[in-house]
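Dear colleague,

I am handing over the structure that we spoke about, together with some notes on what was found in it. Please keep the model open while you read, and look up each place as it comes along.

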Amino acid sequence: MSQVEAIVLFLLVVIGMTPMVASFVQFLFVGFHSLRNHYGSCRDYTPRVAFILPAWNEGDVIASSIDSLMSLSYPAGAWRIYVVDDASTDHTPAILRDKMQQYPGSVFHLRREVGGQGKAHTLNHGLSVVLADDWAEAVMIMDADVLFEPTTLRRMARHLADPNVGAVTAYVKEGSYPGGLINRCVAFEYITAQAAARRAQNVFGVLACLAGGAQLHSRANLVAIGGAIDTTTLAEDTYTTFKTQLSGRQAVFDGNAVVWAEEPDSVAALWKQRLRWARGNLQLTSAFRNLWFRPDIHPGLGSAAFGVLWFSIMLTPVCMIMTTIGLTGLQLLNPAWAWACFGVVQRAGVIVFLFETLFSFLIDPATARRAWFEGFTFPGLISLAFMIVFFVPRHVFPFLDAFMAVDPHGWTSFDVLRQCMYAWITLCMLAAWGVCRLEKAGVHPWLRNILMVCVGYGPLMCAISFSALATQWRKTELQWDKTVKTGKARMLT
Amino acid sequence: MTPSQTEFERLLAADRRVERRLFWGELIALACVAASVLWTLGFLHFRV
């Protein structure tokens, strides 16, 4: 019986490693983007582009966004800006009036008198206007706070010369200035989640998400997917990505086309934003339930590799809990087995951490200079300390034995510490949730930052994923709730 | 930028250089990790 239990527990540990392995494999393909990319099919193509900016009380950011768009390096008169004012109650309409006077014929103000239904509804209002006449050959869907580098549109548009491409997305970089700890964590995360992961997805020929901050669609693609954005999920950008690819067109990421955006600088605001994203992805998983692991429906989205990648990201917190259960169970059956399994998990973890961190720094050296500390402390100082302890246990445990008086049932500091290590794989998520609660309770930002660095940004993301799974399971209502932008974004070039 | 290069060609050439740098960068990052793994194994071996 104990053998069966041991095998089950061992399998829990192995399955628990899936997200780490999937992430590593995805990273291995990033470099191959130099050999397999879409640049060979690019042409000097500059279609007429309509920018659609959904704006609800964006008075602090909309002017700089429009100014950055009007500084694009693109043929004169070949782009227009449609700001869809979602019944703003701040000074957004006044700013738009000024900008229409400053850039006559280029900036248009579309006002919705009844708003608050969310970004997708607002975008659809703009799309209905833009697609009603045949001026626009392509449509850029973006956020109101996003700043475009002068060459970004030209870099994105060149891919649409290939009629097989339906949509192109850019690399959205965190540009808050002055930025705080959370901003820099997001900046580093975006290297891994966008600049790296989406290059690998280009190599695979399937894209998981066109960034909502900058997605350029051909007119033909928008018409093919129904001329409107889905309003039934909270992940309208990912939904559009899937629809684009299911309609037979390619979605492409251009990592050299860069836009800048302001991201949240508090744990609570980040939690709210990411919970919405994660809930949206869960809704989408359900909406496309007939697609998963069905290559006959779509060779990319339905492939086993994409399915494993998609679900391993979504179920990372479940995998972490499985690892803890597996290791703790093995510890009760046979501590030596548990330690051996943990050894495999730790060694793999160190390799993946070192490789992904170092390579991320190479992918985006400018962001690495700004956020190297956040990169190195991504798993949290506590997890890093456990990694170090694992590799030099014989130096650490005698030292601990001298200070820890725990030996009531024959447990040494070694037993206690390794049980702590097994438990931390799950408890780090609880600790991250605790940091969020403490911040909401009003702890000083510097204390919040210290706790955040100790617990880690990675565990925070996993905690949010767990919260999304729990709230989705309970069918808790979640309304569209936009992230507040304050106008801190700059092009940090 | 050579005088005959258009903006399109200049950007494409620059972006291809970036992608090539990533290819070699990945190899270097892998080599660093492999070296650190070997060093760790050696360290553990000699420590025992």
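This is a predicted model: local features need pLDDT of at least 70, side-chain atom pairs count only at pLDDT 80 or more; totals for chains, interfaces and linings use all residues.

Residues are numbered from 1 along each chain as its sequence is written, chains are lettered from A and ligands numbered from 1 in the order in which they are written, and side-chain values use heavy atoms, with hydrogens and water left out.

Strands of a sheet pair through backbone hydrogen bonds, either parallel or antiparallel. Two strands are said to pair if DSSP finds at least two bridges between them. Strand 4 (residues 138-142) of chain A runs antiparallel to strand 7 of chain A and is joined to it by five bridges, with A:Gln215 as the bridge partner of A:Ile141. Strand 6 of chain A is also antiparallel to strand 7 of chain A, through three bridges, and there A:Thr169 stands opposite A:Gln215.

In chain A, eight strands form an open sheet with mixed pairing, in the order 3-2-1-4-7-6-8-5. Strand 3 (107-112) and strand 5 of chain A stand at the edges with a single partner strand each, so one side of each is left without a neighbour in the sheet.

Strand 8 of chain A has 12 residues, of which 11 are buried, so it is largely enclosed by the rest of the structure. Strand 6 (residues 165-174) of chain A runs parallel to strand 8 of chain A, and nine bridges join them; among the facing residues, A:Val172 stands opposite A:Val259 and A:Val165 stands opposite A:Gln250. Strand 5 (residues 147-148) of chain A pairs with strand 8 of chain A in the antiparallel sense over two bridges, and A:Leu147 stands opposite A:Trp260.

Which residues does A:Asn256 touch, not counting residues up to four places away in sequence? A:Asn256, which is found in strand 8 (residues 250-261) of chain A, touches A:Tyr39, A:Arg155, A:Arg199, B:Asp15, B:Val18 and B:Glu19, where contact means heavy atoms within 4.5 Å. A:Asn256 is buried, with a relative accessible area of 10%, and its side chain makes a polar contact with the side chain of A:Tyr39 at 2.7 Å. A polar contact is a pair of N or O atoms within 3.5 Å; within protein, one must be able to donate a hydrogen and the other to accept it, and residues adjacent in sequence count only if both atoms are side-chain atoms.

Between the two chains, 26 residues of chain B are in contact with 34 residues of chain A. The count between chain B and chain A is three salt bridges, a salt bridge being a side-chain nitrogen of Lys or Arg within 4 Å of a carboxyl oxygen of Asp or Glu. The side chains of A:Arg158 and B:Asp15 meet in a salt bridge at 2.5 Å, N to O.

**Places in the loops**

The peptide bond from A:Tyr177 to A:Pro178 is cis, with omega near 0°, and A:Pro178 has its place in the loop between strand 6 and helix 7 (181-204) of chain A. A:Asn57 has a phi near 55°, a positive value in a residue other than glycine, and is partly exposed, with a relative accessible area of 23%. A:Lys475, in the segment after helix 19 (457-473) of chain A, is exposed, with a relative accessible area of 71%.

With best wishes

Conventions. Helices (H or I, at least four residues) and strands (E, at least two) are DSSP runs, numbered from the N terminus. Buried means under 20% relative accessible area, exposed over 50%, partly exposed in between (1.4 Å probe, protein chains only).
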